Amino acid sequence: MAVDPQLLAQALRTPESQDVTETPIARAVILTEPANVVDLVPALERGDTLESRNARRILCQFGPDAVPHLLGALAATASADARAEGVAVLWALLSVEEPHVVRAQLRDAWPAVGALLRDPSRLPDTVPEYVERDFTGRVCDLAYVVVEELLDHRFDQTSFRVLDDGGRDRAIRELLSGGLGSPPVA
Amino acid sequence: MAQVIVIAQGIEIRSVGQGTILQAFLTANCDRKGAAPAAGANNTWRFPKGSAAKATHEIRVVYGMADLAAALDLADALVVYEGHSRYGQGPAFGPEGRDHVLDKKKFPVNLWGVHFRMGYDATDTECVGDLLEHSVMPVEHDLTVANPKAFLPSALVTATTNVRKQDSRIRAKKVKAKDVCGLTGAWRPLDVCQPARSGTKTARGELPLKGRHYYVHKDHAKPEEFLTAVKVGSADIDKAKLACRVLFMASCSSKVHFHAALIRRRTAAKSACRFLLTGQVCQTSHATTFLKQVLIKKLDPTAKRDMNKIVKALNGELMSGNVGVY
């Protein structure tokens, strides 16, 4: 069942001075059901706003069982902002898990992962001038790097970074065509 | 005995949002240890407020390379470097302020070019965005004679192979001299192919691009960019005992740049230090978020379950750069 929109709005308006992830609404309502991630993803479309920042903070508190819901919601949105943020949330949810859990979650939601891997939208460039941007790319590039790193933490992304869009598209197509192979070993 | 947390803030970052936010957090939640230091000097704090000698944590904010080196050898310390990765050249430290080119009279040695070496033998960097921007002149890693089996990121292994192939064609005169500048993957001289850029003098009166080469031309980038290869090495991290329990490299793409050398050193030093590293560009107050988790939420980063919670909290912040534990 969806989170009451009023409760959700109240949680997302939690001031920065408070830890939104420890609020009663987050703990007792939102985080109790993995499917509730779907209600938070639309807030990620709002760029760098209080609501978006709080949504991301709560989203990152879910467990790996929320991944299919997250990926489904990201596949359904057309917002590059939401997808870019969502890929970062995907990293947060899975990077702390054991390899067999990571592989199982990605395999089960592979069609939705594919939607991200095919998204050529440019990543929002909102970082201040002083940040040394060593890589700027597209949603699909970020998704590729995150998926590869989740599958193998030794993955060296430098070769991918230095490619042009065409070269990166070829690498992404290889990943898409290869899928995730055989079922995971528990 | 209080748990020591060392926050080493690098050049520029100490003077932008991250530095300000950290000091505000410490002022609100901790007591300063000792007399107030001179403006811009290292500062030490005790947590919680009012605990005096019974403090559970001592937080040391430091701004120098020697301070970072000492922190890595401090038994059981939790260490955070918050600063620039300098495209893989390593942490750099400097004075307060946001000058991208330091005045040559005040700083005869350009601190933007002085790094804590903890990377591969070489890294790629930007001719315009880095070398010209900061007037730095790192030693070029000549890809025509480089050993592709050296300790290099995969991009430079591939680049070395490509450069050698193109170099053979050039030497065999299969490519006309006038076409070399358009030869993808070749080690192209900026003096010949980009003479105006090569002759650009910086505010320090230096010519960082003179005599240099590039192997990637990002002609669609704004501004137009050229990637070159420069020597780095791991001399500094290789001296470290890594006696600290946690090292959080809160700098852009620290996993990309420093993971390999860190793991190599951890193995050699028989260290149990855990690394927190980023996979992408990051622009958030990681040091403060880390402190909130350890001090306010009382999470212990040396315990796996707590560390996972810390990682989730760090990644909950916008532009976290995707922090992972290694």
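Predicted model: local features only at pLDDT ≥ 70, side-chain atom pairs only at ≥ 80, totals over all residues.
Let's start with chain B as a whole. If you line chain B up along its principal axes, the C-alpha atoms fill a box of roughly 75 × 40 × 35 Å. As for burial, 48% of the 326 residues of chain B count as buried. And if you take the contacts in chain B with a separation of 6 or more, 71% of them come from residues 24 or more positions apart.

Next, the domains. Chain B splits into domain 1, made of 3-91 + 236-325, and domain 2, which covers 120-231. Going by C-alpha atoms, the centres of these two domains of chain B sit 34 Å apart. How many residues does each domain put into the contact between them? Domain 1 of chain B brings 6 residues and domain 2 of chain B brings 7 residues. On the domain 1 side, the residues that touch domain 2 of chain B are 3 nonpolar and 3 polar, with no charged residues.

Now zoom in on some strands of chain B, with β4(B) as the one to follow. Strand β1 (residues 3-9) of chain B runs parallel to strand β4 (residues 57-62) of chain B, and 6 bridges join the two. To find this pairing on screen, look for A8(B), which stands opposite V62(B) in β4(B). β4(B) also pairs with strand β3 (residues 43-47) of chain B, this time antiparallel and through 5 bridges.

Finally, let's bring in chain A. The contact between the chains draws on 29 residues from chain A and 28 residues from chain B. Which helices of chain A each supply at least two residues of the side that touches chain B? They are α4 (50-59), α6 (80-94), α9 (139-151) and α10 (158-162) of chain A. Of these, α10(A) gives the most to that side, with 4 residues. Sorted by class, the side of chain A that touches chain B has 13 nonpolar, 6 polar and 10 charged residues.

Definitions and conventions
Residues numbered from 1 in each chain as written. Chains lettered and ligands numbered in written order. Contact = placed C-beta atoms within 7 Å. Nonpolar A, V, L, I, M, F, W, Y, C, P; charged D, E, K, R; others polar. Pairing = 2+ DSSP bridges. Buried ≥ 20, exposed ≤ 12 C-beta atoms within 10 Å, placed from the backbone. Domains from an automatic or database assignment.
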